[in-house]
Amino acid sequence: MKALFLSVILLLVSQKCLGDHVLTYLAVAVSILLLAGMVTHTQNGLSDGFGYGVLVTGCDSGFGHHLAKKLDSMGFTVFAGCLCPEGPGAQRLVDEGSERMKILQLDVTKEEHVKLARDFVKSNLPEKGLYAVVNNAGVSDWGEIEWSTAQDFQRMVDVNLVGPIRVTIAFLSMVRATKGRMLFVSSIFSFFNCLNMGAYSVSKRGLEAFADCLRVEMASFGVQVSIIQPGNFGAATNILSKKTSQDIWNEFDGARKLAFSQKYIEKACDYFQSMCSLGFKDSTMVIDAMLHALTSAKPRTRYLLVSSMDWCFFYFFPFLPTYVTDAVFNLSSMYHKREVMLYS
């Protein structure tokens with residue numbers, strides 16, 4: 001885009017100042033060369049993955065499962081990390097994939113799993129090496145902070161933050177050797193601090209901080225680092241928590257039952273489920289973004305993946321003053337119902 005912008009400016013200036021002078025034609029020639037260079041640079045991305053390996057975590061279902069299949073069809077040797085290698089998701093990858101599809105048992109919270117996975121990948125690297133690691137494995141849950149325990153936060157952080165850190169450190173030297181790519185699947189909740197998503201937001205905000213620091217360090221080695229920020233894709237994945245309002249209520253002690261009425265818990269649960277049902281029903285947008293981050297000559301540092309209607313709101317939200325971002329939530333009817341129903 002910079003080359004295109006420079007070309008247009010050059011043409012406008014030459015036309016304004018030089019009219020039909022011969023230098024105008026020189027400006028046109030330079031513009032064409034700049035545009036050709038831009039096109040050539042764009043075409044330097046990977047058109048196929050033959051000879052390259054990619055590690056993808058969380059391939060039992062959801063984004064990881066679909067990405068593993070797509071990468072396999074493009075010729076990559078896919079190391080698909082699965083929590084349950086004997087489960088239906090992993091078996092579908094084996095049945096529908098090529099001989100390049102390698103299934104690994106990989107719980108990212110377990111150091112021994114990561115070490116074994118690293119040894120396996122090293123022993124089975126294709127000729128061009130490990131080109132990318134996609135840190136996709138993650139869990140989600142919802143609930144207000146006072147409904148949660150420290151253990152709830154610990155579990156979320158162990159999977160969504162410490163897990164990717166553990167995997168990255170183990171495989172980084174291999175990716176560095178190929179000047180490859182590191183991908184991190186985050187969420188809009190890394191910056192959108194709304195009700196009921198406290199633990200999830202903490203884990204994803206930390207993940208983005210880690211990825212940002214890694215990007216700065218890896219730039220010297222030619223390794224590209226990208227962050228994927230999906231919006232509401234709950235219906236397209238298997239990440240949604242299946243707990244009911246009764247499950248939440250049963251965990252409350254007397255003080256919390258006094259502050260949060262059972263009717264409010266039911267209302268909050270219904271509202272959460274209804275909002276999730278309004279999201280994307282398939283993961284095509286996310287998979288396309290991942291593929292661009294992996295194969296484009298110029299991957300983006302962040303991919304914000306929301307509906308066209310929501311894009312402006314979420315794009316500018318992180319830059320707004322805190323008093324404005326907090327006030328946004330007062331527009332929700334659920335927040336007004338919450339105030340009325342507390343202590344009722």
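**View 1. Strands E5 and E6 run parallel and are joined by 5 bridges.** In this predicted model, strand E6 spans residues 224–230, and within this pairing Phe184 of E5 has Ile227 of E6 as its bridge partner. The two strands also belong to a β-α-β unit, in which helix H7 (residues 198–218) is the helical element and the handedness is right-handed.

**View 2. Strand E4 pairs with E5 in parallel through 4 bridges.** Strand E4 comprises residues 130–135, and its residue Asn135 has Phe184 in E5 as bridge partner. Between E4 and E5 the chain passes through helix H6 (residues 150–177), and this β-α-β crossover is right-handed.

**View 3. Strand E5, residues 181–185, is mostly covered.** Of the 5 residues in this strand, 5 are buried, and the burial extends to both faces. One side carries Arg181, Leu183 and Val185, whereas Met182 and Phe184 lie on the other. Phe184, buried on its face of the strand, is the residue that has Asn135 as a bridge partner and also has Ile227 in E6 as a bridge partner.

**View 4. Trp311, Tyr315, Phe316 and Phe319 make a nonpolar surface patch.** The area of this patch is about 470 Å². One of its contributors, Tyr315, is found in helix H12, which covers residues 308–316.

Terms used
Residues are numbered from 1 along each chain as its sequence is written. This is a predicted model: local features need pLDDT of at least 70, side-chain atom pairs count only at pLDDT 80 or more; totals for chains, interfaces and linings use all residues. Side-chain values use heavy atoms; hydrogens and water are left out. Patches are made of residues with over 30% relative accessible area and no salt bridge: like charges are joined within 9 Å, nonpolar side chains (Val, Leu, Ile, Met, Phe, Trp, Tyr) within 5 Å. Accessible areas come from the Shrake-Rupley method with a 1.4 Å probe; for residues, only the protein chains shown count as cover. A salt bridge is a side-chain nitrogen of Lys or Arg within 4 Å of a carboxyl oxygen of Asp or Glu. Buried means under 20% relative accessible area, exposed over 50%, partly exposed in between (1.4 Å probe, protein chains only). Two strands pair if DSSP finds at least two bridges between them. A crossover is right-handed if, with the strands pointing away from the viewer, the path from the first strand over the helix to the second runs clockwise.
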